[in-house]
Amino acid sequence: MRRRAIMLTLGTAAAALLTGCTSEVEGSASFSGEPRALPDAELQEAFCSDAPVLLQDILTDLGATATDPASAVETLDDVVGRMQELEPPSDVADEWERFITAISDMRDLLATVDPTDPTPDPELAEQVQDLQPELTEAGTAIDEWGQANC
């Protein structure tokens, strides 16, 4: 049943990502090169175009872990790295960092789990539930900001 807890955790992350990604996007996000200092208006424009694509790519990646829960930690580690590469404008930066922190916490929690152990772990289920509000609230705040500003 640890596999079920992993899937519940990933489902929570996927739901939070869906909340933070309301616009339809095409293509895939690719972030490379040196960080650049942009004025807030340029950051907003870049964030509004790149964040939905990135979140959709991440959602797809998390969906792929459904058939391989053992890959969840590696996938979440990659997710956190890609999210950290996207610089948000100042008025949504706190929510973006909060979202990254919640996903990092989920990754760290899953790193403690043996996905092959069938023994139920009530403490793990409780920890997963404890993460859900933070993921959902941060995702909702980003979504609301995007609706108002993008």
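This is a predicted model: local features need pLDDT of at least 70, side-chain atom pairs count only at pLDDT 80 or more; totals for chains, interfaces and linings use all residues.
**Entry 1: Arg 82**

I started with Arg 82, which is buried at a relative accessible area of 17% (buried is under 20%, exposed over 50%, partly exposed in between, with a 1.4 Å probe and protein chains only as cover). Residues are numbered from 1 along each chain as its sequence is written, and side-chain values use heavy atoms, with hydrogens and water left out.

Arg 82 sits in helix α3 (helices are DSSP runs of H or I with at least four residues, strands are E runs of at least two, numbered from the N terminus). I looked up what Arg 82 touches, skipping neighbours within four places in sequence, and got Leu 54, Asp 57, Ile 58 and Asp 61 (contact means heavy atoms within 4.5 Å). With Asp 61, the side chain of Arg 82 makes a polar contact of 2.6 Å (a pair of N or O atoms within 3.5 Å; within protein, one must be able to donate a hydrogen and the other to accept it, and residues adjacent in sequence count only if both atoms are side-chain atoms).

**Entry 2: salt bridges**

How many salt bridges does the structure hold? I get six (a side-chain nitrogen of Lys or Arg within 4 Å of a carboxyl oxygen of Asp or Glu).

One of them joins Arg 82 to Asp 78, with the closest N and O atoms 3.4 Å apart. Both residues lie in α3 (residues 72-85), four residues apart, about one turn of the helix. Asp 78 is partly exposed at 39%.

I then checked Asp 108, which bridges to Arg 107 with a closest N to O distance of 3.0 Å. Arg 107 is buried at 16%, whereas Asp 108 is partly exposed at 41%. Back to Arg 82 for a moment: salt bridges with shared partners link Asp 61, Asp 78 and Arg 82 into one network.

Next came Glu 134 and Arg 98, whose closest N and O atoms are 2.5 Å apart. Glu 134 is in α5 (residues 122-149) and Arg 98 is in α4 (residues 90-110), so this pair ties together parts 36 residues apart in sequence. I find both partly exposed, Glu 134 at 30% and Arg 98 at 28%.

**Entry 3: helix α4**

I took the span of α4 next: 21 residues, reaching 31 Å from the first C-alpha to the last, close to the 30 Å expected at 1.5 Å a residue (expected span is 1.5 Å times one less than the number of residues). Its buried residues include Val 92, Trp 96, Phe 99, Ile 103 and Leu 110.

**Entry 4: a loop residue**

Where is Asp 68? I found it in the loop between α2 (40-64) and α3. Asp 68 counts as partly exposed at 38%.

**Entry 5: whole chain**

I closed with the totals. The chain has five helices and zero strands, running α-α-α-α-α from the N terminus. Of its 150 residues, 41% are buried. Among contacts with a separation of 6 or more, 85% are between residues 24 or more positions apart.
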